[in-house]
Structures are given as C-alpha cells and as structure tokens.
Amino acid sequence: MVCVLDSLDQAIKRSEFFWGCGLYDDAVGVLQAVVAEHVSQSSQFHIGKALKAIGEPRLAEESLCSAALGPDQKICSEAKFLLAGLFLQSGDLQRGFRFYLERFNIFDGLPSPSGQDFLVPGVISGGDIWIVHEQGAGDAIFLARYFRRA
C-alpha cells in the first residue's frame, strides 16, 4: 500500500484506522514509513506510542528507546514509562520496574521516594517493607498479607 501523508498525526490516525479495520500489516506499514521521515524525539515518542497501541512491541521499543535518549526530559520520562509497560509485559521485570520509577517524573502529586532505594532485588525476610499507596489504597491492600500482627 502506498499513501502520501501530510503529517505525523495523519499517519498515526491512518494506522489506527487500519488497525481498527483489521488491516494490521497496513497499520504497521504506515508507521514504519513515517519512522524514517520523522526522527525528532517527539515524533519517535508518538510513533512508539502508536506502535505500542496497535500491538507491535518490538517496533515500539525501538522508537521509544530513541525518544528516551533525547534532550526533552518530559518526553524522555514518558518514553521510559511506556517502555516500562513493554518490559513488564514481556517478563523483563528488572528493566520494567526500573523504568516504572519514571512515573515520579511525569505525574504531579505522586510522593517521591526521596532517593531511597526502595526496589531492591532479592528476598525481603525479617525486614521492613515500605508501602507507598501513590495511586490509591490498592498497593496497601495487595501487600497487606506481609504486614506484621501487632
């Protein structure tokens, strides 16, 4: 399929349309065609986000990694946050949780861990667990099984 696209937004909308119609190869083809033309950090971020949305994790990872290396820190953090989801879904928990920490740089109002290393790999035995219910009480409820009885 050959199509002339005026803008990145148009390419993303066209790929989403093709995806919604079940034309998966066409959707990916449109995004792959614009990757070479749009090399800015912002463009790479939006292309990676669209590729992730249409179920192309490998291609999305390439674009998001490019965006994560750019100079704009906001885009860098958002790209790393999306990469966190890709890595966690693929089972790469170490990289996934490391990049998931970028949410503190994106969302206003989240309590920051203040530089404490609170995601230490390994088994927690006989120690304390710090639970931050940053996005509601779900974290505390989920980890309640680890609370000590007073």
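Let's start with Phe17, which is exposed at a relative accessible area of 52%. Here, exposed means over 50% relative accessible area, buried means under 20%, and partly exposed is in between (1.4 Å probe, protein chains only).

Before going on, a quick word on the model: it is predicted, so local features need pLDDT of at least 70 and side-chain atom pairs count only at pLDDT 80 or more, while totals for chains, interfaces and linings use all residues. Residues are numbered from 1 along each chain as its sequence is written, and side-chain values use heavy atoms, with hydrogens and water left out.

## Aromatic pairs

How many aromatic pairs does a search of the whole structure find? The search turns up three. Rings of Phe, Tyr and Trp (its six-membered ring) pair if their centres lie within 6.5 Å; planes under 30 degrees apart make a pair stacked, over 60 edge-to-face, and the rest tilted. One of the pairs is Phe17 with Phe18, a tilted one with 6.0 Å centre to centre and 55° between the planes.

Phe81 and Tyr100 make a stacked pair, at 5.8 Å centre to centre and 20° between the planes. This pair links distant parts of the chain, 19 residues apart: Phe81 belongs to helix α5, and Tyr100 to helix α6 (residues 93-100). Helices are DSSP runs (H or I, at least four residues), numbered from the N terminus. Phe81 is partly exposed at 24%, and Tyr100 is also partly exposed, at 23%.

## Arginines over rings

Which ring has Arg95 over its face? That's Phe87, with Arg95 at 3.8 Å from the ring centre. Arg98 lies over the face of Phe99, at 5.4 Å from the ring centre. To count as sitting over a ring, a charge (NZ of Lys or CZ of Arg) has to be within 6 Å of the ring centre and within 35 degrees of the ring normal.

## Ser77 in helix α5

Ser77 is part of helix α5, which covers residues 73-90. Is Ser77 buried or exposed? With 4% relative accessibility, Ser77 is buried. Leaving aside residues up to four places away in sequence, Ser77 touches Glu102, Asn105 and Ile106; contact means heavy atoms within 4.5 Å.

## Cysteines

A disulfide is a covalent bond between the sulfur atoms of two cysteines. The rule used here asks for a pair of cysteine sulfur atoms within 2.5 Å, and the count by this rule is zero. As for individual cysteines, Cys21 is partly exposed at 45%, and Cys65 is partly exposed at 31%.

Methods. Helices (H or I, at least four residues) and strands (E, at least two) are DSSP runs, numbered from the N terminus.
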